[in-house]
Amino acid sequence: MRITDISEAVITEGRIVENRPLAAGTYLMRIDCPEVARAAGPGRFVKLRAWAENGGPLLDRPFSIHRATDGQVSVLYRVLGPATRLMSRTPAGGTAKISGPLGRGLGEMLPTKPEGMYLVAGGLGLAPMGLALDWLGAGRVSLFYGERSGRFQVDREWLSSWAGDFTATVDDGQGYGQAGLVTVPLEKALERDPRPVFACGPAPMLAAVSRLAARFGVTPWVSVEAGMACGFGVCLTCSLPWKSGGRFRVCQDGPVADGSAVDWEGVQ
């Protein structure tokens with residue numbers, strides 16, 4: 001069964017195994033929840049409540065599944081509001097409510113695994129890349145990871161532990177890797193060896209990646225970051241416009257989509 005909405009998802013409580021910082025305001029949380037881990041796929045997400053029931057926001061929050069190994073689900077998150085601030089203070093050993101996996105990922109969009117792929121992460125768009133690498137295997141897969149500033153870059157040793165060889169860029173030049181935008185080394189790689197792309201990050205980056213992919217005749221699969229309210233595809237808070245008309249509901253139709261079909265000019 002393909003789980004695409006909250007009514008079909010596994011809803012359970014899991015023990016928080018780890019919750020540790022990886023950069024300024026960026027954390028990794030691992031939760032023991034075998035039922036969710038078994039059904040996890042690259043690009044899919046969970047809804048999570050990892051703070052006290054008697055405090056904090058009312059609604060659970062969506063997070064990409066970073067990895068799913070040994071019956072545990074990992075999420076990579078950045079402190080941006082009350083929910084993630086409370087999550088960052090939740091110690092290992094506590095419990096978290098977790099619902100999922102939700103949405104349509106690479107496994108739902110692609111009939112077969114590609115022989116090679118470029119993974120492109122902008123900032124916290126790094127979140128779904130761990131599971132994508134696990135799913136794709138060690139073949140012709142290369143990760144490009146870009147950040148605005150070196151202070152936001154995740155711990156390099158941690159990144160190397162699962163990403164292997166990767167190309168890092170940083171907009172302000174203050175950190176490890178190359179100075180500049182992540183699309184610069186991606187363009188050079190596409191010139192040498194065109195491959196389909198899987199990207200996650202801010203909308204302007206996804207638009208740029210989609211344009212590059214069109215130039216080189218490859219498909220840009222994008223995992224869209226969007227604020228979700230209902231999670232049922234009703235409120236359209238997280239929707240994006242299609243070039244052909246209509247709206248793409250990130251929580252129901254995605255979060256993974258063919259970036260060449262998105263009307264990026266109409267994205268606010």
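Me: Leaving aside its neighbours within four places in sequence, which residues is Leu190 in contact with?

Reply: This is a predicted model: local features need pLDDT of at least 70, side-chain atom pairs pLDDT 80 or more, while totals for chains, interfaces and linings use all residues. Residues are numbered from 1 along each chain as its sequence is written, and side-chain values use heavy atoms, without hydrogens and water. Contact means heavy atoms within 4.5 Å. Beyond four places in sequence, the contacts of Leu190 are Tyr118, Arg195, Val197, Leu212, Phe216 and Val218.

Me: Which residues touch the most other members of the largest nonpolar core?

Reply: A nonpolar core joins buried Ala, Val, Leu, Ile, Met, Phe, Trp, Tyr and Cys through side-chain atoms within 4.5 Å. In general, nonpolar side chains of soluble globular proteins tend to be buried together. The largest core here has 31 residues, and those touching the most other members are Val120, Leu186, Leu190 and Val197.

Me: Which element gives the most to this core?

Reply: Helices (at least four residues) and strands (at least two) are DSSP runs. S8, H6, S12, H7, S13 and helix H8 (250–253) each supply at least two residues of this core. With 7 residues, the top contributor to the core is H7.

Me: How many residues does the second, separate core have?

Reply: Leu133, Ala168, Tyr176 and Val256 are among its members. The size of this second core, in residues, is 29.

Me: Which residues of helix H4 are buried?

Reply: Buried means under 20% relative accessible area, exposed over 50% (1.4 Å probe, protein chains only). The buried residues are Met129, Gly130, Leu131, Ala132, Leu133 and Leu136.

Me: Is Glu147 buried or exposed?

Reply: Glu147 sits in strand S9. Leaving aside neighbours within four places in sequence, Glu147 is in contact with Arg78, Gly123, Phe152, Gln153, Thr169, Val170 and Asp171. The relative accessible area of Glu147 is 4%, so Glu147 is buried.

Me: Is Arg192 buried or exposed?

Reply: Arg192 belongs to helix H6 (residues 183–192). Because its relative accessible area is 65%, Arg192 is exposed.

Me: How many Å apart in space are Arg192 and Leu80, C-alpha to C-alpha?

Reply: In sequence, 112 residues separate Arg192 and Leu80. In space, their C-alpha to C-alpha distance is 38 Å.

Me: Which residues are closest to the centre of the largest pocket?

Reply: On a 1 Å grid, a pocket is an open set of points where a 1.4 Å probe fits, with protein on both sides within 12 Å along at least five of seven lines; lining residues have an atom within 4 Å of a point. The largest pocket holds about 1,100 Å³ of space. Strand S4 (61–64) and helix H2 (82–88) are among the elements that each supply at least two lining residues. Of the 39 lining residues, the closest to the centre are Leu80, Leu124, Gly125, Gly201 and Glu225.

Me: Which element gives the most to the lining of the second largest pocket?

Reply: The volume of this pocket is about 160 Å³. Its lining includes Leu28, His66, Asp70 and Trp158. Strand S2 (26–32), strand S5 (67–69), S6 and helix H5 (156–163) each supply at least two lining residues. With 3 residues, the one that gives the most is H5.

Methods. Grid points are joined across faces, edges and corners, and a volume is the space filled by probe spheres set on the points.
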